[in-house]
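Work through the exercises below with the model in view. Try each task before reading its solution.

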Amino acid sequence: MISEQARARFAKEVAKYPDDQKQSAVMALLAIVQQEQGFVSKEAELEVAAYLGMAPIAVHEVTTFYNMYNQRPTGKYKLNVCTNLPCQLRDGQKALQHLERKLGISMGETTPDGMFTLQQSECLGACADSPVMLVNDRTMCSFMSNDKLDQLVDGLKGAQG
């Protein structure tokens, strides 16, 4: 399941911690799995747990707690819209609904062409900039009006050229 190259990267991450604290590398190992496979499967969680000597449920708790770990394949662009209360009060839910209409999918789904996965997320720490969203777990987008959402989606579609 997990490649030898990934296991070599596992060893480098685990080496950063004392032997009795190697479980501290769990997030890094899950990130390596996701980079290699695109998501973290139940099987991969079991392999990470065995590698680190952790209970499988402890690894699963990490995978399910953080939005950055995909538990199933996602589109090329993962759009996480903050819908926590402060963002809801400043149109976070409306932004999510606008994207659902524009993309023709519901929250949690991926477009048929595999381009976009739409998700809601917990607080992204930019309440004053809401509505906010995170693209591919890396790029924060603020003050996302319907026009800005349209520009973002159309720009990402156009980047496929």
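**Exercise 1.** Decide whether Lys16 is buried or exposed.

Solution. Lys16 has a relative accessible area of 58%. The classes are buried (under 20%), exposed (over 50%) and partly exposed (in between), computed with a 1.4 Å probe and protein chains only. Lys16 is therefore exposed.

Two notes apply to every exercise. The model is predicted, so local features need pLDDT of at least 70 and side-chain atom pairs count only at pLDDT 80 or more, while totals for chains, interfaces and linings use all residues. Residues are numbered from 1 along each chain as its sequence is written, and side-chain values use heavy atoms, with hydrogens and water left out.

**Exercise 2.** Find the residue that forms a salt bridge with Arg7, and state where the two residues lie.

Solution. Step 1: the partner of Arg7 is Glu47, and their closest N and O atoms are 2.7 Å apart. Step 2: this pair links distant parts of the chain, since Arg7 belongs to helix H1 (residues 4-14) and Glu47 to helix H3 (residues 42-52), 40 residues apart. Helices (H or I, at least four residues) and strands (E, at least two) are DSSP runs, numbered from the N terminus. Step 3: check the exposure of each residue. Arg7 has a relative accessible area of 25% and is partly exposed. Glu47, at 19%, counts as buried.

**Exercise 3.** Which parts of the chain does the salt bridge between Asp150 and Lys102 tie together?

Solution. Step 1: the side chains of Asp150 and Lys102 meet with 3.8 Å from N to O. Step 2: Lys102 lies in helix H6 (residues 92-103) and Asp150 in helix H7, so the pair ties together parts that are 48 residues apart in sequence. Helix H7 covers residues 146-158. Step 3: both residues are partly exposed, with relative accessible areas of 22% for Asp150 and 28% for Lys102. Step 4: look for further partners. Asp154 joins Lys102 and Asp150 in a network of salt bridges.

**Exercise 4.** How many salt bridges does a search of the whole structure find?

Solution. The search finds six. Among them are Arg7 with Glu47, Glu13 with Lys16 and Lys102 with Asp150.

**Exercise 5.** How far apart are the C-alpha atoms of Asp150 and Asn67, and those of Phe143 and Glu61?

Solution. Step 1: Asp150 and Asn67 are 83 residues apart along the chain, and their C-alpha atoms are separated by 23 Å. Step 2: Phe143 and Glu61 are 82 residues apart along the chain, with 32 Å between their C-alpha atoms. Step 3: locate Phe143. This residue is in the loop between strand E4 (139-141) and H7.

How values were computed. Salt bridge = Lys/Arg side-chain N within 4 Å of Asp/Glu carboxyl O.
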